[in-house]
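Hi,

Here is the structure I said I would pass on. Have a look at it first, and then read my notes below.

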Amino acid sequence: MSTPATTLANVVEILERLRARRPLVHCLTNQVVKGFTANVLLALGAAPAMVEHPDEAGQFAGIADALLVNVGTLDEAQMAAIRVAMPAANAAQRPWVFDPVAVGPLGVRTRFASDVLAHRPTVIRGNASEVMALAGLAGGGRGVDSGAESTVAREAARTLARQTGGAVLVTGQTDYAIDSAREVAAANGHILMTRVTGVGCAMGAINAACLAVADSPLAACVATAVLLGLAGERAAAVAARPGSFAVALLDALDALDADTVRAHGRIC
Amino acid sequence: MSTPATTLANVVEILERLRARRPLVHCLTNQVVKGFTANVLLALGAAPAMVEHPDEAGQFAGIADALLVNVGTLDEAQMAAIRVAMPAANAAQRPWVFDPVAVGPLGVRTRFASDVLAHRPTVIRGNASEVMALAGLAGGGRGVDSGAESTVAREAARTLARQTGGAVLVTGQTDYAIDSAREVAAANGHILMTRVTGVGCAMGAINAACLAVADSPLAACVATAVLLGLAGERAAAVAARPGSFAVALLDALDALDADTVRAHGRIC
Amino acid sequence: MSTPATTLANVVEILERLRARRPLVHCLTNQVVKGFTANVLLALGAAPAMVEHPDEAGQFAGIADALLVNVGTLDEAQMAAIRVAMPAANAAQRPWVFDPVAVGPLGVRTRFASDVLAHRPTVIRGNASEVMALAGLAGGGRGVDSGAESTVAREAARTLARQTGGAVLVTGQTDYAIDSAREVAAANGHILMTRVTGVGCAMGAINAACLAVADSPLAACVATAVLLGLAGERAAAVAARPGSFAVALLDALDALDADTVRAHGRIC
């Protein structure tokens, strides 16, 4: 077994930079998870901001350290904001994450996703179905497949990474960080993370925060998977049901430290 | 005292089907409670989704197992989404719940409620004032009455149930599940449920989830009242103040089981 | 050291009136904090409502006991609602609070803030940068200053108070309640309050609730700073990390009583 392209030492470095630099993440995300996403970023040590007016979103994309685009509850006003924020982030050399929630089965967001891809997101974070649907739009994949094999999603992710020049984080029981040349698997996490709304969406926000301080998109993806997964494991150790687990998850993000990452992070 | 039209055995059956089938509930609900509503559904064992773009809401109403329409923060964009979702749910034979928040005193939503009623919601869930206001729109009630007697709301509920062909859940200290021919009273619950935002709105979402697996609208209403009320009682047994109560309520929804329903459910 | 213009006895009186009268606060606030704001008001003993449709917001401003205008995620629809709510609140002699989130660096909200000021909010609540930016709009201040000295913000606050005829609450490590003639400093609070999203925004909502029952805008500002600050201190005594702190803060608002205010309130 070879050494992974990104190591736990890199994850520790990203965590320490997050706490030192406190990156400001501009979140254009869905209406269900805005509060929880902001609390996740604050707990981890980053700073959130949601600026949705189309005439402010472009200006703010250049002020913030990173941008998150999540299409979970996409509407016309938010599409207008995203359309100006993406090129503004690129012009200001700010990294950004695209979370293609439910792209594939739903029409408006699937068509919109093609436009988003054309702006070349630094990172795409999605589950296997979403990543395959996106790759289908990009002309190199198979489209949605409900019985999605991880292997297929990994091929789709590599196709997307080649197209964007960035990285893709395919999330599931094992998370895969993939760029055009490399792949790292991360195995931290807990099933209770699927019982709280917004954990997946908050992962995109964490990814944006990590991007603001990481040396590469791949390293940011690996750090995201390990840090959130570890916090989930720690939270599950003290809370067995979803209400108290959500609270414990925020506490665990705040409590994350280098020793925990080194001792319990699982990447290969 | 006669046997209620729906028994605790029916409530148990609905709970077990919820956990087994995990119905997907399309929530077109208000901006204050979206996150909490999603967490309530996840804690109970159902799956939430909020799809608000008018060009996606109709498509999604046919994919989801049930629909919730809550007008608490109604705006033009959401009205457009609701207008396409209702007939789409009906065409796909998906049950749906209408929660007429603050209908009566406020103009836009009261006029809109007439349109909603014309689509014949499977269940209407509201407090006494809202149910009476709705019945007034339907031509058979007295309109809003701030000193609302439960008896009057029950008559209004029966009028509405005859018009829609479905059921009405009138909520308060005692909850009444009413259809054109039958009435069941449910007496579970705790006063702390009124100190957390969104508990009433989440009740509409639970009702939609129950409808997706129940044998009748009336049975779904009774199960909703008993399951949420029991969770409230259990939560109040471990948390005496509203912040910790809200967390404990989610944990209690997750912990609900057949034995608890049989031992502590109160219907007549 | 002279007696402050508002005493802890005044704070106690406001708290007791809040619990007795349960003022209804109309919150036109940002999308990130709606649920938390509602829960803060409920925990303290007030009642929240969010009515955002422009054709209902004016009507509701006259029904509610106080109004909150927070521009954190301002969009066109919300601007339309705020434009009708402000004059409606004034016409019905309802007090209202303006929270100028991020006014200064961002264009749309900064221009909009000039319109809001023209309606003379009863209270303006902001941090030093926001208050100075607002005063700059009003022609009497220096505009945004990132290394904002409290002293400068206090001068800007007094300029604003003279213009509106109301009061200004400048929040920070020490909070300053300022009207055209008087100033009271309040020193309660805890650093964890900055690690939970919406604590500052909820402060505006508490201020609106206090205004509904207070004898003067200045007294409402002092009560707001003391009550929320004390709840933060109490919460930090039982919760050391942000997830559990947010829960404990709601519990502490519910638990606040006259003895706690008298024993631990810090104003001068």
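Predicted model: local features only at pLDDT ≥ 70, side-chain atom pairs only at ≥ 80, totals over all residues.

**How the copies are arranged**

**Where the chains touch**

Let's start with chains A and B. The contact involves 25 residues of chain B and 21 residues of chain A. On the chain B side, helix 2 (34-44), helix 3 (54-63) and helix 10 (242-255) each supply at least two residues. Helix 10 of chain B gives the most to that side, with seven residues. Sorted by class, the side of chain B that touches chain A has 14 nonpolar, five polar and six charged residues.

Now for chains B and C. Chain C puts 25 residues into this contact and chain B puts in 21. The side of chain C that touches chain B draws at least two residues from each of helix 2 (34-44), helix 3 (54-63) and helix 10 (242-255) of chain C. Which helix has the largest share of that side? Helix 10 of chain C, with seven residues. The classes on this side of chain C come to 14 nonpolar, five polar and six charged.

Helix 2 of chain C is worth a look in the viewer. Is it mostly covered or mostly exposed? Mostly covered: eleven of its eleven residues are buried. Among them are C:Lys34, C:Phe36, C:Asn39 and C:Leu44. Just after this helix, C:Gly45 takes a positive phi of about 120 degrees.

One neighbour of helix 2 of chain C is helix 10 of chain C: the two pack at an angle of about 30 degrees, with their axes 7 Å apart. Helix 2 and helix 10 of chain C are therefore roughly parallel to each other. To find the contact, look for C:Asn39, C:Val40, C:Ala43 and C:Leu44 in helix 2, which meet C:Leu250, C:Leu253 and C:Asp254 in helix 10 of chain C. That contact has five nonpolar residues, one polar and one charged. As for the spacing along a helix, residues three or four places apart point the same way, because an α-helix has 3.6 residues a turn.

**The sheet in chain C**

Chain C has an open sheet of eight strands in the order 2-1-3-4-5-6-7-8, with mixed pairing. Strand 2 (47-49) and strand 8 (183-186) of chain C are the edge strands, each pairing on one side only. From one strand to the next, the twist averages 20 degrees. Helix 2 of chain C packs on this sheet, where it touches strand 1 and strand 2 of chain C, and its direction makes about 155 degrees with that of strand 2.

Within the sheet, strand 1 (residues 24-28) and strand 3 (residues 66-70) of chain C pair in the parallel sense over four bridges. C:Leu28 stands opposite C:Val69 in strand 3 of chain C.

**A helix crossing in chain B**

Last, a pair of helices in chain B. The axes of helix 5 (residues 107-118) and helix 6 (residues 128-137) of chain B come within 10 Å and cross at roughly 70 degrees. Helix 5 and helix 6 of chain B are therefore roughly perpendicular to each other. In helix 5 of chain B, B:Thr110, B:Ala113, B:Ser114 and B:Leu117 meet B:Ala133, B:Leu134 and B:Leu137 in helix 6 of chain B. The residues of this contact divide into five nonpolar, two polar and no charged.

Cheers

Note on methods. Residues numbered from 1 in each chain as written. Chains lettered and ligands numbered in written order. Contact = placed C-beta atoms within 7 Å. Nonpolar A, V, L, I, M, F, W, Y, C, P; charged D, E, K, R; others polar. Buried ≥ 20, exposed ≤ 12 C-beta atoms within 10 Å, placed from the backbone. Axes fitted to C-alpha atoms, helices over the stretch in contact; angles between N-to-C directions. Parallel < 35°, antiparallel > 145°, perpendicular 65-115°, else oblique. Pairing = 2+ DSSP bridges.
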